[in-house]
Each structure stands twice: as C-alpha cells, then as structure tokens.
Amino acid sequence: MTTWKLAERAAKMNSSAIREILKLTDRPGIISMAGGLPSPKAFPLDAFSEACQTVMQRDGAAALQYSTTEGFAPLRQAIADFLPWNVDPEQVLITTGSQQALDLIGKVFLDKGSRLLVEKPTYLGALQAFTPMEPVAVGVDSDDEGMLIADFEKQVGTGADKARLAYVLPNFQNPTGRTMSDARRQALVETARELDIPLIEDNPYGDLWYEQEPHLPLAARNPEGVIYMGSFSKVLAPGLRIGFIVAPKSVYGKLTQAKQAADLHTPSFNQRVVAEVIKDGFLDRHVPTIRAMYKVQRDVMLMALEREMAGLDVQWTRPVGGMFLWVKLPEGMDAQALLAKAVERNMAFVPGAPFYAGEPQNNTLRLSYVTVSAEQINIGIAALADAIKASL
C-alpha cells in the first residue's frame, strides 16, 4: 500500500462552502439562492457563435497555439482603454479567471504568518485562495460604506507583524452587496498610503450598477499602491475563465512569473474570442440589458423580504448593484441549522459564517437573486420566512 504524505499547505486547503451546499441542493424542485452564478439568460450566445467562427477562420492556428504569458495584446489594450484611469496595457496581465488572480497574488506576496487584512465579512473564495500560503487573515470592522478606517489603522500591526496586504471589494461586495462610499474610498487610499499598506481591489461586479455608476476605483486614486482585479465572468460568461490584473510595474514581473509556473498562459482561443466579442463597443450595448434584468429581480426580492419578514427581527442590505444581498437573523439563531429547515421547504441559501476571517457571525446568510425567476423568489423567500418562524 502506498502512503501519500501531504504537504503542510495541502492540509490547510478546504472546499468552498458554497460548492458543498450546491451539491446538497442540486435536486429537482429546490429553489437555490445559494450560488453566485450569473444568469445564463445574460450570455450573448449569438455574439460568441459569430466570434468563434471569425477567430477560427482568421486566426485559427494562432488561437490554438501556445501564447505569451501576459496575454493577447489586443485584449490587454481593450482592458486598458476601458478602465477609468490611465493604464498602460503593459500593466495588464490576463488570468484564468479572478480566482487565479487571487492565487497568484497570494503566492507572490504572502508568507506563512503574513498578516492579511480583509473586510468583515469578505469573499470566501479569496480566503480559500490565500489559505494555502498560511497567512494570518484579520477581519476589519466594516459598515454599509466599507472598512472602518479607525479599525483598519488599529489592525495594521507593526514591525514583523505589520500587514502585507489589505483585500477589499468596493463595489456591490460579495457577500453583503454593499458599496464603499466615495469618502471612505479616499480615506482608505490615503490611510493605506500613509501606513504603507498595499491594497488589493477586487472588482468583478462593478459594471452591474442599477442606479448610478460606482465611484472612482481605489487604483485610480493611487495606481502605485493598488493591484486591481477584474473579470469578464459577470458581463460575458464565466465558463471562459477570463480575468485580469492591473498591477504596478514594480510587481508586474513577479506576478507574470507566478503565472508562467501555474499554467503558462490563459487559453489563447478564449482570449481572442473575448477580444472579438467586445470590439466596437459591444459591452456598452450588452451590459445595460444585464443591469435591467438583475434590477427587476433585486426589486422583487426586496419586496418579498419586506412582506414575508414582517414582524420578525430580520435585517437585510439593499444593494444598488451586483448579485447579492445579506441577511441578519435574530440574535442567537444559527444560519447553518436554519439551512436544513430551509432545504426541507425546498429553498437554499449560503450561511454567513464561512465569509469571516475570524470570529464569525453565525446569524447571517447570503442570498443571490440573479438566477431565480420572480415567481421563484417569492416562493423561496416565503419558505425562508417559514423556516425562520419554525426556528424561533
């Protein structure tokens, strides 16, 4: 019998709580508000079909060949042109989804014991990506406008214990749906600059605004002190696995080397297809249709919560974009235990505990409204309310 001895970092790896819940709820009749999947109704199938044919007919051999690690030059240029500050395409690194971007950043900047600041709560996929590097993730108190600056300063640490990075999602944050105010963004950038703390700005949802465009990115306010992450998963299709990093030139080379070691390069065909689809202002025409669809579903969920949670000690966020909202249950109620009751009623959500770096708030949960119909939202929220009443 062969004995396989795992590396210490492998013991730190864990499965995504969301992925595990999706396995439990993948059955007929369940109304799942657990996954963070974009609606397949938003996928521009005709545009992709046409682009695939064009790429194969025009550049088929090159599209199927090995390519450069940095990415397809026209796509990097398009990303640089699209962003609301002066970006050199030489700063753009194409990644295999945002999740790879997180993995590369963790490998390049985090050692065992490195202090890492994150919001309370934060994206659990980031915690999952960073965990094998064995950092000490520290949650920073946050409110509806994002990280609280006073607690950010308090948690930075000193000497060998000083934070290496701070990871934030300013726009329609996963999991809470909240958006960082303009004043808080400016204060965070200025404080991070003064304390010499690099920022990681993750912005997968920024184009999915409903009422007004988000405030200027952190990276636009201090390009040398922020690594910016973006993705085409939420505005085109997640199966393509096309994300990107915009990094200061001082660290770009190391991120590129880390990517070379990981996968040589992101699939050339996918990059060329995306570049073909987005040329000639396609996103300016396509993304508003996604916003309009998601806004309707958000409104239905907010109305359902108002109706069904009446008289219950339940609170929730009111996102102005993105895909999620955050629910706070009555004090002392455990969302993990509540999930079992909800599944019995053919409804599922994600408990909030896995989104915390430290001490979790067990009476929280995340709901996604973008892959369920208005009818399903109404039925599902009624089922959730019934499960809450049964738990009181």
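This is a predicted model: local features need pLDDT of at least 70, side-chain atom pairs count only at pLDDT 80 or more; totals for chains, interfaces and linings use all residues.
Helix α10 spans residues 249–263, and its 15 residues reach 21 Å from the first C-alpha to the last, close to the 21 Å expected at 1.5 Å a residue. Its buried residues are Tyr252, Leu255, Thr256, Ala258 and Lys259; seen down the helix axis, these buried residues of α10 fall within an arc of 165 degrees, and they therefore line one face of the helix. An α-helix has 3.6 residues a turn, so residues three or four places apart point the same way. The exposed residues Ser250, Lys254 and Ala261 are carried on the face of α10 that is turned away from its buried side. The packing partners of the buried residues of α10 are the helices α4 (73–82) and α5 (97–109), together with the strands β2 (92–95), β9 (226–231) and β10 (243–246). After α10 comes Leu264, which has a positive phi, near 65 degrees.

An open sheet is formed by four strands in the order β11-β12-β15-β14, with antiparallel pairing. The antiparallel pairing of β11 with β12 (residues 324–328) extends over two bridges, and Trp316 stands opposite Val327 of β12.

Beyond the residues up to four places away in sequence, Gln173 touches Glu119, Pro121, Thr122 and Arg178; with Glu119, the side chain of Gln173 makes a polar contact of 3.3 Å. The C-alpha atom of Gln173 is separated by 35 Å from that of Leu6, which is 167 residues away along the chain.

In soluble globular proteins, nonpolar side chains tend to be buried together. In this model the largest nonpolar core has 96 residues, and those with the most contacts inside it are Leu75, Phe152, Phe232, Leu236, Met309, Phe349 and Leu367. Helix α12 (residues 282–308) supplies the largest share of this core, 10 residues. Leu236 touches, apart from residues up to four places away in sequence, Ala42, Phe43, Pro44, Phe48, Val274, Val277, Ile278, Phe282, Leu283 and His286. A second, separate core comprises 24 residues, among them Leu102, Ala126, Phe130 and Leu165.

Definitions and conventions: Residues are numbered from 1 along each chain as its sequence is written. Side-chain values use heavy atoms; hydrogens and water are left out. Two strands pair if DSSP finds at least two bridges between them. The expected span of a helix is 1.5 Å times one less than its number of residues. Buried means under 20% relative accessible area, exposed over 50%, partly exposed in between (1.4 Å probe, protein chains only). The arc is that of the directions from the helix axis to the C-beta atoms. Contact means heavy atoms within 4.5 Å. A polar contact is a pair of N or O atoms within 3.5 Å; within protein, one must be able to donate a hydrogen and the other to accept it, and residues adjacent in sequence count only if both atoms are side-chain atoms. A nonpolar core is a set of buried Ala, Val, Leu, Ile, Met, Phe, Trp, Tyr and Cys residues joined through side-chain atoms within 4.5 Å.
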